[in-house]
Amino acid sequence: MLRLYDYLSSGNGYKVRLLLSQLGLPFERIDLDLDKGETRTPAFLKLNPNGKIPALQLESGEVLPESDAILFYLAEGTPFLPDDRLERARVLQWMFFEQYSHEPNIAVARFWHMHGEMTEEQKALLPEKHEKGYAALSVMESHLADRPFFVAERYTVADIALYAYTHVAPEGGFDLEPYPALRRWLDRVASQPGYIPITQG
Ligand SMILES: N[C@@H](CCC(=O)N[C@@H](CS)C(=O)NCC(=O)O)C(=O)O
């Protein structure tokens, strides 16, 4: 059986949980407590030397880390990943956008809000995280103004990658009110078959 190394409130872990649920694939979930350093134990570092969840252990024993790589792997040959060459590249385009322009700002601001008192350094960096996070949300808003989903007019792993931290952005101090197309897209994603909330393990 597939084994997912995960942490319940992690959006990166949630991406994988959500797709596994939508594919109807059974999996064992191992929860590692980030606050207790459980991603940095020698045993886990042997599985993922980068010391981060999510990591998916395949039935062969091979371990695949990096949420968007896991999504891409699991989606191959399913309706969640297009066959067309350019559309597949567009899925990657939005996943790279998520990892470079979105997650490092929105997820990090949320993490700081959720994990105890912020340090002085975090407080000083927060306005920049918000500015860059809002810039990413604006890019998403204009793309979604005349499209139902990010790629190929249908729900793909590009939507899952971007949904994970966007729908909980208010937990990082972001106001989604000025983004109507984005909020309609959030509702569209939440109504897909097999949808589970981030709180469900
Ligand atoms: N680029 C990675 C980021 C993974 C990541 O940042 N994981 C965090 C939780 S969301 C983590 O495991 N942090 C624990 C640590 O760094 O020790 C992905 O998309 O999977």
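Mentor: Let us begin with the ligand, which 14 residues surround; the closest are Ser10, Asn12, Thr39, Lys52 and Ser67. A residue counts as near a molecule if its C-beta atom, placed from the backbone, lies within 6 Å of it. This is a predicted model: local features need pLDDT of at least 70, side-chain atom pairs count only at pLDDT 80 or more, and totals for chains, interfaces and linings use all residues. Residues are numbered from 1 along each chain as its sequence is written.

Trainee: How many residues of each class does the shell around the ligand have?

Mentor: The shell has 4 nonpolar, 6 polar and 4 charged residues. Here Ala, Val, Leu, Ile, Met, Phe, Trp, Tyr, Cys and Pro count as nonpolar, Asp, Glu, Lys and Arg as charged, and the others, Gly among them, as polar.

Trainee: Which strands does β1 join through bridges, and do they run parallel or antiparallel?

Mentor: Two strands pair if DSSP finds at least two bridges between them. Helices (H or I, at least four residues) and strands (E, at least two) are DSSP runs, numbered from the N terminus. Strand β1 (residues 2-6) runs parallel to β2 (residues 27-31), with 5 bridges between them, and antiparallel to β3 (residues 55-57), with 3 bridges. Leucine 4 stands opposite arginine 29 in β2 and opposite leucine 56 in β3.

Trainee: What unit do β1, helix α1 and β2 make?

Mentor: A crossover is right-handed if, with the strands pointing away from the viewer, the path from the first strand over the helix to the second runs clockwise. β1, α1 (residues 11-23) and β2 make a right-handed β-α-β unit.

Trainee: Which residues of the largest nonpolar core touch the most other members?

Mentor: In soluble globular proteins, nonpolar side chains tend to be buried together. A nonpolar core is a set of buried Ala, Val, Leu, Ile, Met, Phe, Trp, Tyr and Cys residues joined through C-beta atoms within 7 Å. A residue is buried if 20 or more other C-beta atoms lie within 10 Å of its own, exposed if 12 or fewer, and partly exposed in between, with C-beta atoms placed from the backbone. The largest core has 46 residues, of which Leu19, Leu71, Val157, Ala158 and Ala161 touch the most other members. Helix α6 supplies the largest share, 8 residues. The core draws at least three residues from each of domain 1 (2-75) and domain 2 (85-190); these bounds come from an automatic or database domain assignment.

Trainee: Is alanine 55 buried or exposed?

Mentor: Alanine 55, in strand β3, is buried because 25 other C-beta atoms lie within 10 Å.

Trainee: Where is there a cis peptide bond, and which residues have a positive phi?

Mentor: Most residues other than glycine have a negative phi, and most peptide bonds are trans. In this model a cis peptide bond joins isoleucine 53 and proline 54, with omega about 0 degrees; proline 54 is in the loop between α2 (42-47) and β3. Glutamate 66 has a positive phi of about 75 degrees and is found in the loop between β4 (63-65) and α3. Glutamate 153, in the loop between α5 and α6, has a positive phi near 60 degrees.

Trainee: Why does glutamate 66 count as partly exposed, and why is glutamate 153 exposed?

Mentor: Glutamate 66 counts as partly exposed because it has 18 C-beta neighbours inside 10 Å. Glutamate 153 is exposed because 10 other C-beta atoms lie within 10 Å.
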